[in-house]
Amino acid sequence: AHSIFRNSIDLYKGVLLPKLKYKNSAQIRQYLILKRKTLKVYSYAVLASDRLTTLNQRLSKIKRRRDKKNYTKKIQKFILNEFYDELRKFTQTEGQILIKLIHRQTGTSAYKLIKEIRNGWSAFWYNNTARIFNMSLKKEFDPYIVEEDYLIEDIIQRALRDKKLEYQDPDVVYDIFELNKKWE
């Protein structure tokens, strides 16, 4: 039997994250439910924010009003065909997480993104329809003010570290240690 000596040791380039402290088992359960829902909607948020940003950039380059109108009709059909059936399967909390994550990725609320694509009136109606289902398209992601958003950020950063999610640049990169200190 041969033994192989190595001159170096491969060290895993791990990302250190702060340890979460739970007060009780109910809190652990809530975190795990939030984790399942966040991981479920994250890829949709990335896809939706990519699409909406691209569509708004293209729309801003179109000069003629009629061309803009035709383009927005195409966008609406595209969004309905691509996302509608999937979005209908989401629970209210999953839908709300999706709306927050679109803001996390783009820095703009889903309401403003829709308002840019369509006119303010239809964005208003979209928001009112969403509100019937207990969701607001105006919801923003703020892990410094909303504890659930801090937990969502923690879930995302852990999942990215563990390669359970594919990294996409968010609008703001949050320091999880700083957030952890705030919420401890």
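Me: How many residues does H6 have, and what span should they give at 1.5 Å a residue?

Reply: The expected span of a helix is 1.5 Å times one less than its number of residues. This is a predicted model, and the check can be made on it directly. H6 has 15 residues, so it should span 21 Å, and its end C-alpha atoms lie 21 Å apart, in agreement.

Me: What is the overall make-up of the protein, in helices and strands?

Reply: The protein has 7 helices and 0 strands, so read from the N terminus the order is α-α-α-α-α-α-α. Of its 184 residues, 38% count as buried. Among contacts with a separation of 6 or more, 74% join residues 24 or more positions apart. The accessible surface is about 12900 Å², and carbon and sulfur atoms hold 55% of that.

Me: Is H6 mostly covered or mostly open?

Reply: The cut-off for buried is under 20% relative accessible area. By that count H6 is mostly covered, with 11 of its 15 residues buried. Among the buried residues are Ile-152, Ile-155, Ile-156 and Leu-160, but also Asp-149, Glu-153, Asp-154 and Arg-158.

Me: What covers the buried residues of H6?

Reply: The cover includes helix H1 (25-61), helix H3 (92-106) and H7.

Me: How do the axes of H6 and H7 cross?

Reply: For a pair of helices, look at the approach of the axes, the angle and the hand. The axes of H6 and H7 (residues 176-183) come within 11 Å and cross at roughly 145°. The crossing is left-handed. On the H6 side the contact is made by Glu-147, Tyr-150, Glu-153, Asp-154 and Gln-157, and on the H7 side by Ile-176, Leu-179, Asn-180 and Trp-183. These residues divide into 4 nonpolar, 2 polar and 3 charged.

Me: Is Ser-109 buried or exposed?

Reply: Compare the relative accessible area with the cut-off. Ser-109 has a value of 3%, so it is buried.

Me: Which residues is Ser-109 in contact with, leaving aside its neighbours within four places in sequence?

Reply: With those neighbours left out, Ser-109 is in contact with His-103, Leu-137, Lys-138, Lys-139 and Glu-140.

Methods
Residues are numbered from 1 along each chain as its sequence is written. This is a predicted model: local features need pLDDT of at least 70, side-chain atom pairs count only at pLDDT 80 or more; totals for chains, interfaces and linings use all residues. Side-chain values use heavy atoms; hydrogens and water are left out. Helices (H or I, at least four residues) and strands (E, at least two) are DSSP runs, numbered from the N terminus. Buried means under 20% relative accessible area, exposed over 50%, partly exposed in between (1.4 Å probe, protein chains only). Contact means heavy atoms within 4.5 Å. Accessible areas come from the Shrake-Rupley method with a 1.4 Å probe; for residues, only the protein chains shown count as cover. Axes are lines fitted to C-alpha atoms, for helices over the stretch in contact, and angles run from 0 to 180 degrees between N-to-C directions. A crossing is left-handed if the near helix is turned anticlockwise from the far one by less than a right angle, and right-handed if clockwise. Ala, Val, Leu, Ile, Met, Phe, Trp, Tyr, Cys and Pro count as nonpolar, Asp, Glu, Lys and Arg as charged, and the others, Gly among them, as polar.
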